[in-house]
Amino acid sequence: MKALHARYPFLSAAREAVETAGVDLAELVASDSAAVERGLERVEWAVTEGTVGEPHRRTRVELLSYPVARVLVSLVDEHILLRRYARAEAATAYDRFSEELTATAEFQSTRTERLDLQDLLAEFDLAGHVHAVAGEDGDYRVDVGTYLEHTAGQFGDEWRLVNRPLSDGQVPVAEDELLLLVRQAVRRRVEDGLPLSVPDAIAAELEDEAERVREVLADLDLTRDIDTVVPDLFPPCMRHLLDKVQKGEHLEHHSRFAIAAFLTSIGMTTDEIVDLFQVNPGFGEEATRYQVDHIRGETSPTEYSAPACATMQSYGDCVNKDDICEDVINESHPLNYYEHRLEEADEEELVDWREGEDEDDDAE
């Protein structure tokens with residue numbers, strides 16, 4: 001097992017090294033407390049910090065902590081955990097290979113083995129689709145299909161194809177942008193196959209660690225702390241319902257509940273939601289206020305959350321699904337979609353819809 005494998009445990013060579021060593025996962029989780037502890041740390045850090053933490057000083061422990069972490073994520077089997085874990089592994093790998101590929105020769109000489117950009121591209125079948133621009137150091141062209149595939153999770157106008165000078169079926173990118181595309185490839189590699197089917201014996205050995213992960217998730221309350229209203233980043237279903245509200249079109253009761261619960265969950269007050277519904281046919285302020293307060297839990301013993309994707313589908317409110325619905329949140333929950341969009345967006349470019357409303361009021 002090499003240090004390179006421990007730094008990048010998602011590599012094919014790393015998997016082969018584990019297989020060659022004849023590591024038995026059941027025996028590992030039962031007898032190697034260091035690997036289990038580091039595996040748990042990877043997952044906890046992924047949830048709380050967005051990275052997988054500092055590597056263990058022992059190469060074997062660091063490498064074997066990766067399959068342990070994947071098993072823990074699978075045992076908990078929460079989509080938001082899977083997504084955060086994959087993103088954290090990808091972010092950590094990105095930091096490492098970005099440093100490694102741009103390091104000075106003096107730094108590189110301290111490594112017994114390091115990643116080469118071409119090897120990294122070949123790992124993800126990108127080598128044949130990425131072309132260095134002759135005479136332009138650090139500039140590349142990426143085949144358009146490959147570019148679109150690997151920018152599906154990137155947000156910002158700079159990634160939109162319309163803003164790139166497409167030529168001969170290729171899209172120009174700088175080296176730092178190319179490495180961001182590789183980060184997306186790493187994320188997909190990590191996500192591939194998750195959740196795993198975990199044998200009962202292994203699940204029993206990791207029961208305490210899995211419960212610890214569940215506690216960390218519960219403490220963070222990941223989908224209830226959103227307090228930013230940016231309609232452009234709403235999931236398609238909620239954008240559709242909001243558009244109908246703003247156009248004064250009739251909404252069925254389940255649709256009104258869905259959009260009201262979603263807006264409540266992302267931090268809008270009852271007054272703000274009531275103002276939004278004023279243009280809707282049959283609007284009654286008292287009834288609307290009561291319904292929103294009921295959803296919020298102020299006039300009922302239960303605080304309701306927005307319906308999950310499966311519920312939206314059953315009522316016919318799931319419309320205009322995009323790649324994020326299909327590939328990122330896997331049709332899990334509209335709040336997961338919205339959280340993902342907020343996380344990917346540049347904070348400096350986020351403008352809360354309510355702030356815009358305040359500015360309009362001041363202008364008047």
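**Reading the terms in this model**

Trainee: Where in the chain is the place of Leu-161?

Mentor: Leu-161 is in the loop between helix H9 (144–150) and strand E3 (170–174), where helices (H or I, at least four residues) and strands (E, at least two) are DSSP runs numbered from the N terminus. This is a predicted model, in which local features need pLDDT of at least 70 and side-chain atom pairs count only at pLDDT 80 or more, while totals for chains, interfaces and linings use all residues. Residues are numbered from 1 along each chain as its sequence is written, and side-chain values use heavy atoms, with hydrogens and water left out.

Trainee: Why does Leu-161 count as partly exposed?

Mentor: Its relative accessibility is 27%; buried means under 20% relative accessible area, exposed means over 50%, and partly exposed is in between (1.4 Å probe, protein chains only). The value of 27% therefore makes Leu-161 partly exposed.

Trainee: Which residues does Leu-161 touch, not counting residues up to four places away in sequence?

Mentor: With that exclusion, Leu-161 touches Val-144, Tyr-147, Leu-148 and Val-171, where contact means heavy atoms within 4.5 Å. From C-alpha to C-alpha, Leu-161 and Tyr-147 are 8.8 Å apart, although 14 residues separate them in sequence.

Trainee: What makes you say that Arg-70 has no salt bridge?

Mentor: Arg-70, found in helix H5 (residues 59–76), is buried, and the nearest side chain of opposite charge, Asp-192, is 6.5 Å away. Lys and Arg count as positive and Asp and Glu as negative, with His and the chain ends not counted.

Trainee: What lies 2.5 Å from a polar atom of the side chain of Arg-70?

Mentor: At that distance lies the backbone oxygen of Val-190.

Trainee: What makes a set of residues a nonpolar core?

Mentor: The set must consist of buried Ala, Val, Leu, Ile, Met, Phe, Trp, Tyr and Cys residues joined through side-chain atoms within 4.5 Å. The largest such core here has 64 residues, and those with the most contacts inside it are Phe-10, Tyr-85, Phe-97 and Val-186. Helix H6 (residues 79–102) gives the most to this core, with ten residues.

Trainee: How do you know that helix H19 (residues 334–344) is mostly covered?

Mentor: Ten of the eleven residues of H19 are buried, including Leu-335, Tyr-338 and Glu-344.

Notes
Salt bridge = Lys/Arg side-chain N within 4 Å of Asp/Glu carboxyl O. Polar contact = N/O pair within 3.5 Å; in protein donor to acceptor, adjacent residues only side chain to side chain.
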